[in-house]
Amino acid sequence: MAEFEATRGMPAESTVVFGVASDVDLMDRWLPQGLSVHDSGPGTIEADGSLVPGNGKHEGLFRASEEQLRVEWGGRDHPDYSGWLQVSDSAAGTSEVTVHISLLDEAESGARAEEVRELLDRSLDQLADEVQRRVSDAG
C-alpha cells in the first residue's frame, strides 16, 4: 500500500483556490497529462487517459465540500485508488493545498512511486498556475 502526500502554497485566498480545485471542468488544466476527468452526474466523475488502469472510461466517486474546503474522490471500479485535496488559509491573501493519494496496489518506493510523486508535484504547480490566472483575470 502506498500513501502519497504533498503540500503547496497558493497565490490566492482559500475560497478562490477551492473554486478552481473543485471545478471538474477546469481539472484537465492542472491534473497530470494522461488523466482526464468529466462530470458524469451527482457525486460521480468519469476518468480516462493513459494514467488510468485498463481500457476505456472508469467511474469514480467525487465529493466537494465548500464548507470544509475539501475535495474527495475514489475509484468505483478501482477501489484501490482514493484521495483528497484540502485547502486552508495561510498568510495575507494566500492559502495552502494538501493532496493525499492512496494507491493500495502500489509500493511506497521504487520508480513507480517516484513517478507518482513527480506527477503530484507537477499537478500542484499547475494548480497554482491556474489559480494565478484566475486571480490575474479577475484583477
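Q: What radius of gyration does the protein have, and what would a compact globule with 139 residues have?
A: The protein has 15 Å, which agrees with the value near 14 Å that a compact globule with 139 residues would have. The radius is taken over C-alpha atoms, and the globule rule is 2.2 Å times the number of residues to the power 0.38.

Q: And where do these values come from?
A: This is a predicted model, in which local features need pLDDT of at least 70 and side-chain atom pairs count only at pLDDT 80 or more, while totals for chains, interfaces and linings use all residues. Residues are numbered from 1 along each chain as its sequence is written, and side-chain values use heavy atoms, with hydrogens and water left out.

Q: What box do the C-alpha atoms fill?
A: Taken along the principal axes, that box is roughly 45 × 35 × 25 Å.

Q: How many helices and strands are there, and in what order do they run?
A: The protein has two helices and seven strands, and from the N terminus on they run β-α-β-β-β-β-β-β-α. Helices (H or I, at least four residues) and strands (E, at least two) are DSSP runs, numbered from the N terminus.

Q: How much of the protein counts as buried?
A: Of the 139 residues, 40% count as buried, where buried means under 20% relative accessible area, exposed over 50% and partly exposed in between, with a 1.4 Å probe and protein chains only.

Q: New topic: what about phi at Leu69 and Ala92?
A: Most residues other than glycine have a negative phi. Leu69, however, has a positive phi near 55°, and Ala92 has a positive phi near 30°.

Q: Where are they, and is each buried or exposed?
A: Leu69 is found in the loop between β4 and β5, and counts as buried because its relative accessibility is 14%. Ala92 lies in the loop between β6 and β7, and is exposed because its relative accessible area is 79%.

Q: One last thing, what sits over the ring of Trp84?
A: The charged end of Arg70 sits there, 4.4 Å from the centre of the ring. A charge sits over a ring if NZ of Lys or CZ of Arg is within 6 Å of the ring centre and within 35 degrees of the ring normal.
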